[in-house]
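I am opening a notebook on a structure that is new to me. I will write down each thing as I look it up.

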Amino acid sequence: MATFERASPALKEILLRIYNAEKPIEVDHHLYEFGSVEYYIKSSASEPFTYLSISTPLLSQGVFLSYGLSPYTLQMVRDISIDALDIVEPPTDGYQLTLRLDFSKLPHDKESLKIITEVSSVQAVILSSQLKEMLQNVNSWDISQGMYKPIKLIYHPREPFYVIRQPQKIVAVFPMRFKDHSDVIIATSFFQELMDVGSSGKWAKVPHCNWSPIPPPELIGEPFEDLSTNGGFVSFDISSHHVEGKRLDKTVWSLLNFYAYVKHHVKCTRGFIQRRMRRRMDSLVQVLEKSMIEENGEIKKIKGWKKMKKWMRLTSKSKMIKRRYHDFRKKMKRIRFRIKIHGFARFRRRWLTMPNFSSSMGYTQLKNNN
Amino acid sequence: MANPLKLYLTCIRNTLEAAMCLQNFPCQEVERHNKPEVELKTSPELLLNPVLICRNEAEKCLIETSINSLRISLKVKQADELENILAKKFLRFLSMRAEAFQVLRRKPVQGYDISFLITNYHCEEMQKQKLIDFIVQFMEDIDKEISELKMSVSTRGRLVASEFLKQFL
């Protein structure tokens with residue numbers, strides 16, 4: 001579904017809780033994700049096993065429903081952990097797959113966390129194994145099949161994509177739809193960059209990418225509602241080189257998450273545009289505010305500010321000199337009075353200072369009473 | 001091609017210097033009301049002839065003057081769809097925050113991307129030359145910002161495309 005993480009976070013948390021519990025615990029959880037994926041986890045104190053059932057809409061509904069999951073898919077699931085995981089036949093009612101987990105057989109180190117994470121990503125394993133099966137048969141195209149009919153795959157309910165087999169390659173076509181017109185423009189710009197980058201010499205080994213506003217001719221005959229888009233059609237040519245060895249898993253996961261990747265990029269670009277606009281607006285407002293403040297200063301200066309300024313300068317200088325003198329006196333007193341008694345300074349000021357007998361106005365002559 | 005832009009901006013500056021002679025004028029229709037006459041347009045004797053300065057078909061500036069107010073409407077250059085949406089988004093963003101600019105109009109005049117409304121009160125609070133400088137600077141900054149945004153969006157797209165294609169290597 002629309003996520004880059006393969007493991008389900010909620011499922012992982014529950015499995016870790018069961019694994020880390022000192023004693024076997026009772027667990028009976030139903031988990032729903034993305035509206036259509038359902039997990040059922042059951043663990044009881046009396047039994048050493050934990051049962052995990054999964055129900056997920058498959059990529060291609062046509063063939064697989066009749067026969068259940070393909071042997072290739074089941075093998076991929078078993079390969080997660082041969083010791084601790086076993087597939088239960090038949091699966092629980094209403095589910096496509098039921099797994100029996102034996103946590104006692106898990107190693108007691110970091111490897112156990114890795115295995116639990118892979119078990120939590122079983123839904124991604126099921127879906128990607130179906131696409132892997134298709135892509136692995138790139139070179140084994142049977143000429144007797146005649147016309148290559150596109151196979152419709154649904155990873156996200158409203159966003160199907162097509163896989164079309166051709167000689168020596170498989171083409172994956174993504175019809176792109178967006179809700180907002182500005183999203184369409186941003187995405188279109190991205191698709192053009194994707195084409196430009198993919199066609200450069202440095203990226204010769206990557207699948208050839210093409211974008212067109214109209215459906216490709218391979219999709220002629222498909223339902224109209226699937227072909228009506230506002231973002232055009234993006235197609236990737238997958239050759240045998242891209243599905244060799246470890247590249248198969250990466251290729252499959254990249255294709256399954258292409259929609260999510262594009263939507264994430266569009267969302268991040270919108271956020272980036274918003275941040276830039278906000279910053280630019282702040283700088284424009286500052287220009288206007290500065291001009292207003294400067295304007296007020298200038299008007300005051302023009303109205304006879306010069307004389308006031310001179311006088312202010314003079315008075316402030318004498319005040320500064322007085323302040324400095326007082327500070328110097330205080331410092332000298334502090335040095336002279338070496339013995340410090342707390343509160344003595346206040347006492348001295350109040351009771352021990354000599355009164356000032358001289359008066360600036362004049363003096364009062366005492367009358368002689370002889 | 002900085003010269004055509006410079007000529008365009010000089011022409012706008014000179015027109016604004018001539019047009020920005022505003023004085024207080026109470027409303028003739030309603031007593032004790034004081035309204036910007038350029039918005040109401042009820043008394044033709046209080047309105048001057050509007051001046052339209054066109055740089056090309058896509059860029060133009062309309063200056064409408066009245067006795068106590070002046071309205072400047074700008075149409076910004078939009079070469080392609082991406083510039084179109086970026087200009088629309090940015091100018092709408094600014095218009096919605098018009099109170100921060102004081103002289104900006106919340107809704108642009110029809111047919112234009114952004115509008116300013118300058119009244120005699122603004123001329124009393126701000127210096128005329130500084131105001132004209134702000135308008136001209138604003139026009140330059142808008143063009144520059146839209147070009148930079150377009151380049152940034154393209155650069156981001158290129159980087160993201162490279163990262164996506166790396167997964168296939």
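**Entry 1: the sheet of chain B.** I began with strand 1 and strand 2 of chain B. Four bridges join them, and the two strands run antiparallel. I noted that this is a predicted model. One bridge pairs V51(B) with I63(B) in strand 2 of chain B. I then followed the chain from strand 1 to strand 2 of chain B and found a hairpin, with five residues making the link.

Next I looked up strand 2 (residues 60–65) and strand 3 (residues 69–75) of chain B. Six bridges hold this antiparallel pair. Here I picked out E64(B), whose bridge partner in strand 3 of chain B is R71(B).

I then asked for the whole sheet. In chain B it is an open sheet of four strands, in the order 1-2-3-4, with antiparallel pairing. Which strands stand at the edges? They are strand 1 (51–54) and strand 4 (114–119) of chain B. Each has a single partner strand, so one side of each has no neighbour in the sheet. From one strand to the next, the twist averages 15 degrees.

What packs on this sheet? I found helix 5 (residues 128–166) of chain B there, touching strand 3 and strand 4 of chain B. The direction of helix 5 makes about 175 degrees with that of strand 4 of chain B.

**Entry 2: the sheet of chain A.** I turned to the other chain. Chain A has an open sheet of five strands, again with antiparallel pairing. I wrote down its order as 1-2-3-5-4. Strand 1 (27–33) and strand 4 (85–88) of chain A are the edge strands, and each pairs on one side only. The twist averages 20 degrees from one strand to the next.

I checked one pair in detail. Strand 1 of chain A and strand 2 (residues 37–43) of chain A run antiparallel, joined by seven bridges. Within this pair, H29(A) stands opposite I41(A) in strand 2 of chain A.

**Entry 3: where the chains meet.** How many residues of chain B are in contact with chain A? I got 39 from chain B, in contact with 45 residues of chain A. The two chains bury about 4,400 Å² between them. Carbon and sulfur atoms carry 71% of that area. In chain B, the residues that lose the most area to chain A are F164(B), L165(B) and F168(B), together 17% of what that side buries.

Five salt bridges were counted between chain B and chain A. I looked up a salt bridge between E148(B) and R276(A), at 2.6 Å from N to O.

Helix 5 of chain B gives the largest share, 21 residues. By type, the chain B side divides into 19 nonpolar, seven polar and 13 charged residues.

**Entry 4: salt bridges overall.** I looked at K152(A) and D226(A), whose closest N and O atoms are 2.7 Å apart in a salt bridge. K152(A) lies in strand 6 (residues 151–156) of chain A, and D226(A) in helix 7 (residues 224–227) of chain A, so this pair ties together parts 74 residues apart in sequence.

Methods:
Residues numbered from 1 in each chain as written. Chains lettered and ligands numbered in written order. Predicted model: local features only at pLDDT ≥ 70, side-chain atom pairs only at ≥ 80, totals over all residues. Heavy atoms only, no water. Pairing = 2+ DSSP bridges. Axes fitted to C-alpha atoms, helices over the stretch in contact; angles between N-to-C directions. Contact = heavy atoms within 4.5 Å. Buried area = accessible area lost by both parts, 1.4 Å probe. Salt bridge = Lys/Arg side-chain N within 4 Å of Asp/Glu carboxyl O. Nonpolar A, V, L, I, M, F, W, Y, C, P; charged D, E, K, R; others polar.
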